[in-house]
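I opened my notebook for a friendly look at one more chain. Here is what I set out to look up.

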Amino acid sequence: MGPVVARPKLSATAVVSGMDVFLPIEGLVDIQEEKVRLQKELKKLQQDLQLSESKMRREDFISKAPPQVIAKEEVKLAVFKEKKDKLELSLAKLKEIEET
């Protein structure tokens, strides 16, 4: 095991084979700009997710749509949820980087 090293300010972190790996990103990424971009993308995605969820709750859609259309909408809904989770995680990591 190597020496204990403090995490550099403005660095991304990964754990590889039980070791913390730090990648300094100062000067490479504008944290504020990236947060704004991710928030904008998240807002759009939340609208898409709401629309898809609304469609799947409508009885007239479920009763009239062919099974393949419903299946396609279910896949879209799952993809939207996964992307939303990833965007929220990315935003949380950026906020964590900012605070260190």
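My entries below go from the overall fold to the charged pairs.

**Fold.** I began by reminding myself that this is a predicted model. I then listed the secondary structure and found 3 helices and 2 strands. Reading along the sequence, I noted the order β-β-α-α-α.

**Charges.** I counted 19 positive and 18 negative side chains, and the centres of the two sets lie 5 Å apart. I kept in mind that side chains of opposite charge can pair when their charged atoms come close. My search of the whole structure gave 8 salt bridges, and I followed up some of them.

**Within helix α1.** Arg37 and Glu34 form a salt bridge at 2.7 Å, N to O. I placed both in helix α1, residues 31-57, where they sit 3 residues apart, about one turn of the helix. Arg37 is partly exposed at 41% relative accessible area, and Glu34 is partly exposed at 24%. I also saw that Glu34, Arg37 and Glu41 are linked in a salt-bridge network.

**Between helices.** Which helices does the pair of Glu73 and Lys55 tie together? I first checked that their side chains meet in a salt bridge, 3.6 Å from N to O. Glu73 lies in helix α3, residues 67-99, and Lys55 in helix α1, so the pair ties together parts 18 residues apart in sequence. Is Glu73 buried or exposed? I read 6% relative accessibility for Glu73, so this residue counts as buried, whereas Lys55 is partly exposed at 25%.

**Within helix α3.** My last entry is the salt bridge of Glu88 with Lys84, whose closest N and O atoms are 3.1 Å apart. Both residues lie in helix α3, 4 residues apart, which is about one turn of the helix. I noted Glu88 as partly exposed at 31% relative accessibility and Lys84 as partly exposed at 21%.

Terms used: Residues numbered from 1 in each chain as written. Predicted model: local features only at pLDDT ≥ 70, side-chain atom pairs only at ≥ 80, totals over all residues. Heavy atoms only, no water. Lys, Arg positive; Asp, Glu negative; His and termini not counted. Charge placed at Lys NZ, Arg CZ, Asp CG, Glu CD. Salt bridge = Lys/Arg side-chain N within 4 Å of Asp/Glu carboxyl O. Buried < 20%, exposed > 50% of the residue type's maximum accessible area, 1.4 Å probe, protein only.
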